[in-house]
Amino acid sequence: MASAKTAVNTSGEDKQSPATLVSSRERAYQSLFNAWQITYDPKNSLTVCEQAQKQGLLCHEGKGTLETLRQINKPVLLRLTDNQGKDYYLTLISLNNDNATYTKDNETKSGDINEMIRKWPGDYEILWCLPQEYEDILKPGGRGPFVTWLDKQLAIIDGNKPRSKPKSTYDMDMVKKVKSFQSSAGLEPDGFVGTSTVFHLIMKTGSVGPVLDDKKVIN
């Protein structure tokens, strides 16, 4: 991958053929995987998500706005549309205020994020990682290292310092806080901590994995 930064050019006006378009997306996946220090092989018979899972990561696709990208705060693959209505792909790897650093066709470039957003219909793809402490859905009364991890995330979200002796039992006080968080995230407030709840916790706190802007990570 080239390391030199060039002037921003998000027009995609190189009139790509369908074959080139596929390559553009594959190169974007390679950049996304590189951000996580894992490998994507476009010749592999496994799907993108299957390759990610083999290396300990999960996929997430969504549709959002620039604010969504700031909140997610993870390297993200974007599908953009040029002036002729043709799609092309890039991977956003850093976002500091409006200054974006991204890779497109194996080149690292920088420019104003607002220029990119004008050509972005809102589709995005990210990789994310469950904390190593996670084993299965956590239910009220559960115990173990994942409870300690959860207790720390809830403290961070509440703006408090993690306890010097974090909890190891998922008690009713924690369940109440989890239900409140689930409601705020648009999830069913059942108090069960599965992968959907963990995903939103990680997106909120910036824990686990690379970020776009380390200044936005909650400490």
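Biologist: In this predicted model, how are α5 and α6 oriented to each other?

Modeller: Two packed helices are described by the angle between their axes together with the distance between those axes. Here helix α5, residues 145-157, packs against helix α6, residues 172-184, at an angle of about 60°, and their axes are 11 Å apart. The two helices α5 and α6 are therefore oblique to each other, since an angle counts as roughly perpendicular from 65 to 115 degrees and as roughly parallel under 35. The crossing of α5 and α6 is left-handed.

Biologist: Which residues in α5 meet which residues in α6?

Modeller: On the α5 side they are V147, L150, D151, L154 and I157, and in α6 their partners are M174, K177, V178 and F181. Sorted by class, this contact of α5 with α6 has 7 nonpolar residues, 2 charged ones and no polar ones.

Biologist: Where does D105 lie, and what is its phi?

Modeller: As a general idea, most residues other than glycine have a negative phi. D105, in the loop between β4 (99-104) and β5 (107-112), has a phi near 55°, which is a positive value in a residue other than glycine. N106, whose place is also in the loop between β4 and β5, has a positive phi as well, near 70°, and it too is a residue other than glycine.

Biologist: Are D105 and N106 buried, partly exposed or exposed?

Modeller: Partly exposed lies between the cut-offs of under 20% for buried and over 50% for exposed. D105 has a relative accessible area of 23% and is therefore partly exposed, while N106, at 33% relative accessibility, counts as partly exposed.

Key: Residues are numbered from 1 along each chain as its sequence is written. This is a predicted model: local features need pLDDT of at least 70, side-chain atom pairs count only at pLDDT 80 or more; totals for chains, interfaces and linings use all residues. Side-chain values use heavy atoms; hydrogens and water are left out. Axes are lines fitted to C-alpha atoms, for helices over the stretch in contact, and angles run from 0 to 180 degrees between N-to-C directions. Helices (H or I, at least four residues) and strands (E, at least two) are DSSP runs, numbered from the N terminus. Angles under 35 degrees count as roughly parallel, over 145 as roughly antiparallel, 65 to 115 as roughly perpendicular and the rest as oblique. A crossing is left-handed if the near helix is turned anticlockwise from the far one by less than a right angle, and right-handed if clockwise. Contact means heavy atoms within 4.5 Å. Ala, Val, Leu, Ile, Met, Phe, Trp, Tyr, Cys and Pro count as nonpolar, Asp, Glu, Lys and Arg as charged, and the others, Gly among them, as polar. Buried means under 20% relative accessible area, exposed over 50%, partly exposed in between (1.4 Å probe, protein chains only).
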